[in-house]
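Visitor: Please show me how to read a model of this kind, taking one feature at a time.

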Amino acid sequence: MAQYVCIGVPYWLGESKAERTEVDAIKNSGIADELGAAWVDIQPDFDAVDHPVVAVNRAIADAIQAHSDKTPLVFASDCTSCMGMVKGLESYAPAILWYDSHGDFNTPETSESGFLGGMPLAALVGRGNEHLMQGVELEPIAESDVYVTDVRNLDREEGDMMRNSDVTIFGQVSDLLTASLPDKPIYLHFDTDVVDSSEMPAMNYPEPNGPSLAETGATLKHVVDHHQVVGVLFSLWNDTLAGAEQAKEATLELVRQLK
């Protein structure tokens with residue numbers, strides 16, 4: 001089993017919200033002890049930069065680099081934390097395996113809502129929000145190093161852009177059991193809303209007709225067992241919504257597949 005360090009990121013788009021307690025719920029579950037890992041809470045310096053998302057991502061990268069002898073297992077409240085993950089893992093130049101029911105491939109120009117949480121994967125490959133990438137001192141990664149699975153809700157322009165990119169798209173998570181993933185280090189990004197909402201409730205943007213918890217967990221175990229996974233991020237549920245306790249237990253079940 002990999003030697004993990006658990007890193008808590010209790011911020012929603014760079015803001016600390018007292019009502020959002022899902023990261024603390026994971027911390028208090030005892031999963032770090034179960035994995036034989038230390039737990040680290042990030043310490044963003046919001047005064048040092050002009051955007052709170054940059055401050056959070058810099059702190060994530062610093063925490064990863066301060067524990068470079070361990071595999072970071074990050075628990076965050078949204079997907080924008082991916083920039084700090086990739087920065088922290090920069091020495092590996094990893095490919096990205098992105099589990100998500102949404103594409104997160106919008107730009108400020110294509111987004112129908114303007115929601116920053118729907119843009120981080122596009123930012124990672126140099127499509128929009130360059131100020132955030134520059135704030136983290138991160139160069140865009142190659143689209144050909146990105147693999148997305150079970151994305152099932154895309155804005156019209158977002159979908160066109162992703163399908164016309166060099167990103168590899170797997171139609172369903174079970175494809176990962178037979179897929180040819182790159183022979184290089186992998187950053188595994190897991191948005192918990194990829195799991196069917198009947199088993200993973202309390203999502204801000206639930207999407208029906210997703211894979212089961214068991215099916216998804218089996219693919220996580222397969223990837224970890226057969227590839228060099230150098231970092232994992234779980235983007236969590238919303239603890240203020242109905243079903244939060246079920247979502248916590250489901251997430252912990254997925255984390256245990258990493259053993």
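The dialogue that follows moves from a helix to a strand, then to aromatic rings, loops and the end of the chain.

Guide: A word on conventions comes first: this is a predicted model, in which local features need pLDDT of at least 70 and side-chain atom pairs count only at pLDDT 80 or more, while totals for chains, interfaces and linings use all residues. Residues are numbered from 1 along each chain as its sequence is written, and side-chain values use heavy atoms, with hydrogens and water left out.

Visitor: What span should helix α8 have, and how far apart are its end C-alpha atoms?

Guide: Helices (H or I, at least four residues) and strands (E, at least two) are DSSP runs, numbered from the N terminus. The expected span of a helix is 1.5 Å times one less than its number of residues. Helix α8 holds 14 residues, 213-226, and should therefore span 20 Å, which agrees with the 20 Å between its end C-alpha atoms.

Visitor: Which residues of α8 are buried, and which are exposed?

Guide: An α-helix has 3.6 residues a turn, so residues three or four places apart point the same way. Taking buried as under 20% relative accessible area, exposed as over 50% and partly exposed as in between (1.4 Å probe, protein chains only), the buried residues of α8 are Leu213, Thr216, Gly217, Thr219, Leu220, Val223 and Val224. They cover an arc of only 160° around the axis, which puts them on the same side of α8; the arc is that of the directions from the helix axis to the C-beta atoms. Ala214 and His226, on the other side of α8, are exposed.

Visitor: What covers the buried residues of α8?

Guide: Contact means heavy atoms within 4.5 Å, and the cover of the buried residues of α8 includes β4 (95-99), β7 (186-191), β8 (229-235) and α9 (244-255).

Visitor: How many residues of strand β3 are buried, and which lie on each side?

Guide: In a regular strand the side chains alternate between the two faces of the sheet. Strand β3, residues 71-76, is mostly covered, with 6 of its 6 residues buried: Thr71, Leu73 and Phe75 lie on one side, and Pro72, Val74 and Ala76 on the other.

Visitor: In which sense does β3 pair with β1, and how many bridges join β3 to β8?

Guide: Two strands pair if DSSP finds at least two bridges between them. The pairing of β1 and β3 is parallel and extends over 6 bridges, with valine 74 in β3 as the bridge partner of isoleucine 7. Strands β3 and β8 also run parallel, joined by 4 bridges, and here leucine 73 has valine 232 in β8 as its bridge partner.

Visitor: How many aromatic pairs does the structure hold?

Guide: A pair of aromatic rings is described by the distance of the centres and the angle of the planes. Rings of Phe, Tyr and Trp (its six-membered ring) pair if their centres lie within 6.5 Å, and planes under 30 degrees apart count as stacked, over 60 as edge-to-face and the rest as tilted. The structure holds 8 such pairs. One of them is the tilted pair of tyrosine 99 and phenylalanine 190, 4.8 Å centre to centre with 40° between the planes. This pair links distant parts of the chain, since tyrosine 99 is in strand β4 and phenylalanine 190 in strand β7, 91 residues apart.

Phenylalanine 190 also forms a tilted pair with phenylalanine 234, at 5.3 Å centre to centre and 45° between the planes. Phenylalanine 190 lies in strand β7 and phenylalanine 234 in strand β8, so this pair ties together parts that are 44 residues apart in sequence. Phenylalanine 234 is buried, at 0% relative accessible area. Trp39, Phe75, Tyr99, Phe190 and Phe234 form one aromatic cluster.

Visitor: Where do leucine 13 and alanine 202 lie?

Guide: Leucine 13 lies in the loop between β1 (4-9) and α1 (22-28), and its phi is near 50°, a positive value in a residue other than glycine. Alanine 202, in the loop between β7 and α8, likewise has a positive phi, near 65°. Leucine 13 counts as buried at 19% relative accessibility, and alanine 202 counts as buried at 7%.

Visitor: Which residues does lysine 259 touch?

Guide: Lysine 259 is found in the segment after α9 and is partly exposed, with a relative accessible area of 38%. Not counting residues up to four places away in sequence, lysine 259 touches Met1, Glu34 and Leu35.
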